[in-house]
Amino acid sequence: MNKNPTANQAKTPKRRKAASLDKRKAKAGWWFIMPFLAVFVIVYLPMVIDSIRFSFSDLNFTRGGGYTTTFVGLKNYSDALTGDAEFVPVLVAGVKQLIFDIPAIVIFSLFMAVLLNQKMIGRAAFRAIFFIPVIISTGVIEYVDQSNAMLSYMTDSSSSINDGSGSVSASQSLAAAANLDWLFGNMKVGGELVQYVVGIIANVYDIITRSGVQMLIFLAGLQSISPAIYESCQIDGAAAWETFWKITFPMISPMILVNTIYTVIDSFTRSSNSVMLYIDKVYQKPGGTTLSSAMSWVYFMIVLLLIALVAGIMSAYVFYQRRD
């Protein structure tokens, strides 16, 4: 028998109000993405359908400027994987480079976000400075900087100053000056790890330019952590290292998942992507429309599988804070 009916009656309106608030938020979210959905359905979806159709067809152009398609099944995919001698090596190298770049970019952006989240003089200026490479590497400025001699010297080994010992880029010279092979050799570290670290340092400019958005996402996540949690850690005598691994890292783990997936997609759509550059090269050849479409969908499915694999593995270790 219910001894306090008024308490249950008081809880019911709150639940209904909370449910209606969630519905309003959901509707607001749909209205927010409605312009993108409209443009996608009207503009991009027909292109996607045509690309799928071309990948399973043979394209024949007519005199009037039109074209006809003939269904050939998986012939274009077979030609892409077995008929083209360069596509599979380029694809394997591109996916391998993508897998190696993901940890470097995510770890670097997290490290910089933790540093820039500290209280210091000129913190906003430092944040802006680290985001400048992102602006430089996008849009019109990217094409302007293609003729920049200093940028070419930093990123392209073929345009570096030749000192008689062979052309190396500035970033590669930095890796050589650090003598990492000798350092890791004394530490008895495996050769694969040495080559990975040397490759990261030699490619440091590209890593910095690709870490700006991830750094901002990490900063937003770090600033959402309640200062009361850190105060409790200080009262309990926890060191900064323990606080990071037991408080900061678990609570920032959802952002790590988001940034990892974002890094994969960003690498997949970059203009400097070696696989996409090769697919575009095939597309420019006479009759290469259908073959390049098949190559694009093979690469897309591999990247989609990689995203699903990353999301599936990392989701098991992501900590979501409950807000009751």
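Reader: Is aspartate 84 buried or exposed, and which side chain of opposite charge is nearest?
Author: In this predicted model, aspartate 84 is buried. The nearest side chain of opposite charge is that of lysine 285, 5.5 Å away. Aspartate 84 has no salt bridge, because that would need a side-chain nitrogen of Lys or Arg within 4 Å of a carboxyl oxygen.

Reader: Which side chain makes a polar contact with that of aspartate 84, then?
Author: That of tyrosine 278, at 2.6 Å. Leaving aside neighbours within four places in sequence, aspartate 84 is in contact with Asp79, Tyr278, Val282 and Met295.

Reader: And where in the chain is aspartate 84 placed?
Author: Aspartate 84 sits in the loop that runs between helix H2 (75-83) and helix H3 (87-116).

Reader: Changing topic: how many aromatic pairs are there in the whole structure?
Author: The search finds ten aromatic pairs. One of them is stacked: phenylalanine 36 and phenylalanine 40, with 6.1 Å centre to centre and 25° between the planes. These two residues are four apart in helix H1 (residues 5-55), and so are separated by about one helical turn. Phenylalanine 36 counts as exposed at 57% relative accessibility, and phenylalanine 40 as partly exposed at 31%.

Reader: What is the geometry between tryptophan 241 and tryptophan 245?
Author: That pair is edge-to-face, at 5.7 Å centre to centre and 70° between the planes. Both residues lie in helix H13 (residues 240-269), four residues apart. Trp241 and Trp245 also belong to one aromatic cluster with Phe244 and Phe249.

Methods
Residues numbered from 1 in each chain as written. Predicted model: local features only at pLDDT ≥ 70, side-chain atom pairs only at ≥ 80, totals over all residues. Heavy atoms only, no water. Buried < 20%, exposed > 50% of the residue type's maximum accessible area, 1.4 Å probe, protein only. Lys, Arg positive; Asp, Glu negative; His and termini not counted. Polar contact = N/O pair within 3.5 Å; in protein donor to acceptor, adjacent residues only side chain to side chain. Contact = heavy atoms within 4.5 Å. Phe/Tyr/Trp six-rings, centres within 6.5 Å; stacked < 30°, edge-to-face > 60°.
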